[in-house]
Amino acid sequence: MTVKMLHEKGLKAEHAYTAAFASIGLSVISWCGSMKAEAAGTARADRWGIFVGEWAPTFFALGLALANYERDHELLHSPAH
């Protein structure tokens, strides 16, 4: 899906940034939960934390792309232009 299609579906940069910060929090929660709930120890907890933590950069990049699209779209459709 392109950024334009995502924007037309209603996804905004703020949504992607919120998802990025939520994934950081979820990474910490999944690490702590795995440490307490599983007997596999730190190695498995680290893998869970890293797996979920890898989502954050993707969401931040998507947010940046959407923010650039929104800025450019606004400039093209402003009354002064």
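Visitor: Why is Ser-27 called buried?

Guide: The relative accessible area of Ser-27 is 14%, and because buried means under 20%, Ser-27 is classed as buried. This value, like the others here, is computed on a predicted model.

Visitor: Where does Ser-27 sit, and what is it in contact with once its neighbours within four places in sequence are left aside?

Guide: Ser-27 belongs to helix H2, and, with those neighbours set aside, its contacts are Gly-49, Val-52 and Gly-53.

Visitor: Which residues of H2 are buried, and what covers them?

Guide: The buried residues of H2 are Ala-13, Ala-16, Ala-20, Ser-23, Ser-27, Ser-30 and Ser-34, and the elements that cover the buried residues of H2 include H3 and H4.

Visitor: How do you know that the span of H2 is close to the expected one?

Guide: Helix H2 covers residues 13–37, which is 25 residues, and its first and last C-alpha atoms lie 35 Å apart, a value close to the 36 Å expected at 1.5 Å a residue.

Visitor: What makes H3 and H4 roughly parallel?

Guide: Helix H3, residues 42–53, and helix H4, residues 55–76, pack at an angle of about 5 degrees, with their axes 5 Å apart. Since angles under 35 degrees count as roughly parallel, H3 and H4 are therefore described as roughly parallel to each other.

Visitor: Which residues make that contact, and how do they divide by class?

Guide: On the H3 side the contact is made by Phe-51, Val-52 and Gly-53, and on the H4 side by Trp-55, Ala-56 and Pro-57. By class, the contact of H3 with H4 has five nonpolar residues, one polar residue and no charged residues; Gly counts as polar.

Visitor: How many of the 81 residues count as buried, and what share of the contacts between residues at least 6 apart in sequence joins residues at least 24 apart?

Guide: Of the 81 residues, 21% count as buried. Among contacts between residues at least 6 apart in sequence, 71% join residues at least 24 apart.

Definitions and conventions: Residues numbered from 1 in each chain as written. Predicted model: local features only at pLDDT ≥ 70, side-chain atom pairs only at ≥ 80, totals over all residues. Heavy atoms only, no water. Axes fitted to C-alpha atoms, helices over the stretch in contact; angles between N-to-C directions. Helix = DSSP H or I, 4+ residues; strand = E, 2+ residues; numbered from the N terminus. Parallel < 35°, antiparallel > 145°, perpendicular 65-115°, else oblique. Contact = heavy atoms within 4.5 Å. Expected span 1.5 Å × (residues − 1). Buried < 20%, exposed > 50% of the residue type's maximum accessible area, 1.4 Å probe, protein only.
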